[in-house]
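Please open the structure in your viewer and keep the selection tool at hand.

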Amino acid sequence: MSPPRVFLSYSHDSPDHRATVLALAERMRHDGIEATVDQYLAGTPDQGWPRWMLDEIDAADHVLVICTPTYYRRFRGHEVPGRGKGADWEGAIITQERYEGRSKGTKFVPVIFDDEHEAAIPEPLRSATRYKLTSVSEYRKLCQYLRGEAGVEPSPVIDVPKASRATARPFRFDDERTESVLLDEQDRGASRSRAVWGREALLAQVMPALNRPLNYHQ
């Protein structure tokens with residue numbers, strides 16, 4: 001099974017922030033996740049930055065959206081014209097994909113490095129589970145999610161024999177009870193008649209033989 005492929009979408013807030021994102025990509029690659037970030041490229045890609053970003057988003061199993069106030073501002077298109085065009089372009093792609101998927105799907109994963117950046121998660125991603133990478137336990141949760149290992153493995157469902165259910169008698173009217181008694185008596189009378197008729201028929205066959213004299217000389 002191939003490792004999950006992850007693209008990191010972020011804004012170039014500062015040299016420290018760029019270094020943090022690069023370190024995160026490196027840590028994930030060391031932990032069996034194929035992380036990709038723009039800093040791995042030597043110069044401008046042959047197809048240009050917009051098409052390269054689109055290709056990477058398409059090829060990724062998940063896109064980690066590193067949310068900061070600067071990223072949010074550029075995601076929304078509120079940045080100074082000509083600045084942060086990369087995050088602006090990625091924001092347009094993510095917004096369009098979420099729109100076409102009716103805000104469903106798990107491809108885009110919001111990630112923050114600081115509690116104060118919770119409000120910097122773009123609106124299209126606020127319904128998704130976010131990961132706050134302030135501890136190793138939270139980082140492990142993110143990796144488990146990306147590898148499809150999150151959650152608890154459910155136990156198999158046991159086939160339990162179906163228990164018998166209680167039964168009930170149907171409602172009966174008073175005159176139905178009277179009819180039932182009469183029918184029972186008629187049935188018993190018919191049975192007695194059949195029994196008498198059966199004895200008479202048997203006697204009619206047996207009596208002639210009993211009345212014949214015995215011949216002891218035969």
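Predicted model: local features only at pLDDT ≥ 70, side-chain atom pairs only at ≥ 80, totals over all residues.

An α-helix has 3.6 residues a turn, so residues three or four places apart point the same way. Show the two side chains: the ring centres of Trp49 and Trp52 lie 5.4 Å apart with their planes at 85 degrees, and because planes over 60 degrees apart count as edge-to-face, this pair is edge-to-face.

Is each of these residues buried or partly exposed? Trp49 has a relative accessibility of 30% and counts as partly exposed, whereas Trp52, at 6%, counts as buried.

**Second stop: the buried face of H2**

Stay with H2 and select Trp52, Met53, Glu56 and Ile57, which are buried. If you turn the view to look down the axis of H2, these buried residues fall within an arc of 130 degrees, so they line one face of the helix.

Move on to helix H5, residues 136-146, and select its buried residues, namely Glu138, Tyr139, Leu142, Cys143 and Leu146. They cover an arc of only 140 degrees around the axis, and therefore sit on the same side of H5. What covers them? To see this, display strand S1 (5-9), helix H1 (15-30), strand S3 (62-66), strand S4 (108-112) and strand S5 (131-132), which are included in what covers the buried residues of H5. Just after H5, click on Gly148, which takes a positive phi of about 75 degrees.

**Last stop: a pair of tyrosines**

A search of the whole structure finds 4 aromatic pairs. To look at another pair, return to the partly exposed Tyr145, whose relative accessible area is 23%, and select Tyr131 as well, which is buried with a relative accessible area of 9%. Tyr131 and Tyr145 form a tilted aromatic pair, 5.9 Å centre to centre and with 35 degrees between the planes. This pair links distant parts of the chain, for Tyr131 belongs to strand S5 and Tyr145 to helix H5, 14 residues apart.

Note on methods
Residues numbered from 1 in each chain as written. Heavy atoms only, no water. Buried < 20%, exposed > 50% of the residue type's maximum accessible area, 1.4 Å probe, protein only. Helix = DSSP H or I, 4+ residues; strand = E, 2+ residues; numbered from the N terminus. Arc of directions from axis to C-beta. Contact = heavy atoms within 4.5 Å. Phe/Tyr/Trp six-rings, centres within 6.5 Å; stacked < 30°, edge-to-face > 60°.
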